[in-house]
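Dear colleague,

I am passing on the structure that we talked about, with notes on what turned up when I went through it. Please have the model open beside this message as you read.

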Amino acid sequence: MAPSTLVALWERQAVATPDALAVVAGADRATYAEVDRRAAALAAELRTRGVGAESLVGVCLGRSVEMVVALLGILKSGAAYLPLDPGYPAERLRHMTVDSGTKLWVCDADRRAQALASGAADVLLVEDLPAEPSAPPAHVVRPHHLAYVIYTSGSTGLPKGVAVGHAALASFLRSVAERPGLTADDRVLALTPLSFDISILELFLPLTRGATVVMAPPVGNTDPELLAATLAEAEVSVVQATPTTWRLLLASGWTDGLGRVLLSGGEPLDPQLARDLLATGGTLWNLYGPTETTVWAAAARVDAVADRVGVGRALSNTRLHVVDESGREARPGVVGELWIGGDGVARGYLDRPALTADRFVPDPFGGAPGRLYRTGDLARWSTDGTLEMLGRTDHQVKVRGVRIELGEIESTLQSYPAGADCVVAVRRARAGEDQLAAYLIPEHPDRPAPGPAELRALLADRLPPYTLPQSCTVIDEIPLTPNGKVDRPALPDPRPASDPAPAARQSLTARQLLVAEVWRECLGVEDDFGPQDDFFDVGGTSLALTTIAGRLGERLGRRVSPVLVFRNPTVAGLAKALELDGSGGRELLDDVGKKPPNALGNTSTSADSSSGSY
Ligand code: AMP
């Protein structure tokens with residue numbers, strides 16, 4: 001019988017292929033035997049500290065061999081892991097630590113103080129880990145034990161932890177090993193931050209099949225050129241990314257898909273993107289699934305593209321039901337809500353019994369093991385038995401691949417003193433990427449709306465970078481539908497909060513004027529920009545970086561790197577950088593990752609922030 005915990009799957013593989021390369025992270029590499037020995041040492045140490053089945057251990061580490069050792073060590077000890085993204089605001093990390101009852105963090109020395117400030121009673125530094133286990137680890141992990149908790153956006157203002165057990169995780173790994181499949185010769189890119197569950201496919205699928213995990217460079221998902229270089233140099237054969245990241249990669253000129261498996265998921269795969277990906281020569285899959293049913297629930301191999309790209313069929317051990325308004329299975333062609341059952345269904349939301357009972361319901365269709373997760377996704381069966389996704393029943397959105405409840409941002413915004421009422425919507429910027437737009441009715445009509453930078457500074461303590469609105473528009477009233485709900489489509493186009501002073505405008509140099517003009521063209525706005533205007537404050541997105549670099553390159557008659565635009569977000573800064581950089585910025589790639597600004601323009605203390613295109 002196949003092992004039904006990740007630990008058993010891993011240990012079987014480590015015994016079978018001890019000398020195979022398990023992880024490559026830059027110049028660091030480790031075999032299966034080395035990773036297993038170090039993970040066993042960590043597990044032994046954790047057990048001496050009282051960690052065991054059903055306890056949670058926080059992991060706050062950047063992409064590295066140590067990160068894999070930490071995850072496997074925690075799981076071997078019998079405990080479950082809680083990903084703590086180094087790029088998250090302190091308040092968010094504290095909330096997750098306290099809310100989940102996590103007592104111990106595994107992190108590096110730089111984050112020790114943060115761990116203690118976040119409520120961890122104990123900290124295990126990766127620098128101090130023993131290389132050899134003090135005693136062989138006891139086999140303590142059972143299929144019903146908790147494997148991980150991942151927090152996702154919560155509509156009422158605070159994120160909620162999705163609790164997933166080992167049986168669900170092992171079942172998922174077995175299913176994706178069948179379809180899309182993986183061989184021991186594969187080299188799989190690990191690109192996604194741990195706080196998103198799709199990272200599980202990137203890390204644990206290869207490690208339970210004798211294949212190799214190739215860690216993406218620290219800012220890989222923001223910098224498409226670095227990503228493309230890694231794919232080529234590390235001979236990566238399987239890449240999983242959100243459509244947002246795929247678009248970014250293609251926009252940078254990458255066409256090198258031949259011989260690679262390209263997995264797209266987390267957001268709808270639009271037909272044009274699918275065609276562009278197929279044109280690279282890669283084998284393309286569209287994957288669908290919510291965190292609550294363990295990573296992916298359905299998969300479609302995409303060969304030919306019509307006017308819609310479906311998500312195909314259920315993975316094995318997974319049941320998909322499209323449920324109509326009367327609670328019955330909808331016929332093909334009829335739209336309903338997708339409910340998912342099978343081995344992947346999570347335990348529920350950590351310590352949220354009411355919410356769990358609302359979303360995880362008894363299976364009215366009689367399937368085992370008897371519970372279905374109501375996804376909130378609208379779907380319909382095609383006549384060929386494959387599934388099409390058609391949007392949401394609620395205000396959960398995906399922006400740059402990340403799941404966000406608009407209500408979470410709204411309730412945080414409501415605490416802003418100038419805002420008596422507010423609403424947040426997703427708007428498609430002319431640069432082609434979705435943006436979060438805040439609308440505010442100020443309590444004092446004479447008080448100006450906060451500019452995007454001010455707004456973000458206020459929210460940044462409590463919300464992760466990717467949930468910070470990119471514009472803030474003052475409105476007189478919130479438009480309502482006839483039945484009294486917020487009519488988001490009727491909201492006006494977002495307006496930049498402030499115009500630069502006329503004096504600032506007049507003082508632009510010729511090169512600054514060129515930058516401002518290209519911004520206007522690419523962002524599709526009419527505004528005059530001043531020298532200190534920041535690309536990310538005026539609605540710039542990671543995708544627009546590439547367009548702007550391309551347009552500047554055309555105007556200057558030489559190549560301009562998106563990294564140059566990324567690293568110099570103000571009009572004056574970019575103009576200066578272009579003057580200094582006759583080559584267009586290529587050499588800047590060399591030090592990318594030392595301390596990058598994230599995609600929202602903040603300087604992150606982490607080289608591995610989840611901000612950017614996730
Ligand atoms: P998450 O829990 O972050 O994985 O987000 C899950 C949600 O993302 C789903 O409920 C869908 O709304 C959306 N989603 C994920 N993959 C796809 C896909 N391939 N096509 C359409 N929507 C998707």
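I begin with Arg319, which counts as partly exposed because its relative accessibility is 22%; here buried means under 20% relative accessible area, exposed means over 50%, and partly exposed lies in between, with a 1.4 Å probe and protein chains only. The side chain of Arg319 meets that of Asp363 in a salt bridge of 2.9 Å, N to O, a term that stands for a side-chain nitrogen of Lys or Arg within 4 Å of a carboxyl oxygen of Asp or Glu. Arg319 lies in strand S16 (residues 318-323) and Asp363 in the loop between strand S19 (360-362) and strand S20 (371-381), so this pair ties together parts that are 44 residues apart in sequence. Asp363, at 12% relative accessibility, counts as buried.

Before going further, a word on the source: this is a predicted model, in which local features need pLDDT of at least 70 and side-chain atom pairs count only at pLDDT 80 or more, while totals for chains, interfaces and linings use all residues. Residues are numbered from 1 along each chain as its sequence is written, and side-chain values use heavy atoms, with hydrogens and water left out.

As for the chain overall, it holds 18 helices and 26 strands, where helices (H or I, at least four residues) and strands (E, at least two) are DSSP runs numbered from the N terminus. Of the 614 residues in the chain, 60% are buried. When contacts (heavy atoms within 4.5 Å) between residues at least 6 apart in sequence are considered, 64% of them join residues at least 24 apart.

Searching the whole structure gives 26 salt bridges. One of them pairs the side chains of Arg308 and Glu388 at 3.7 Å, N to O; because Arg308 sits in the loop between strand S14 (298-302) and strand S15 (313-314) and Glu388 in strand S21 (residues 387-392), the pair ties together parts that are 80 residues apart in sequence. Arg308 is partly exposed at 41% relative accessibility, whereas Glu388 is buried with a relative accessible area of 16%.

Glu410 and Arg488 also meet through their side chains in a salt bridge, at 2.7 Å, N to O. This pair links distant parts of the chain, 78 residues apart, with Glu410 in helix H12 (residues 406-413) and Arg488 in the loop between strand S26 (471-474) and helix H14 (502-506). Glu410 is buried, with a relative accessible area of 13%, and Arg488 counts as buried at 13% relative accessibility. Elsewhere, Glu517, Glu521, Arg551 and Arg555 are linked in a network of salt bridges.

Helix H3 (residues 65-76) may also be of interest to you. Its 12 residues reach 16 Å from the first C-alpha to the last, close to the 16 Å expected at 1.5 Å a residue, the expected span being 1.5 Å times one less than the number of residues. H3 is mostly covered, with 11 of its 12 residues buried, among them Val65, Met67, Leu71 and Lys76. After H3 comes Gly78, whose phi is positive, near 100°.

Lastly, Thr192 is placed in the loop between strand S9 (187-190) and helix H7 (199-207), and at 5% relative accessibility Thr192 counts as buried.

With best wishes
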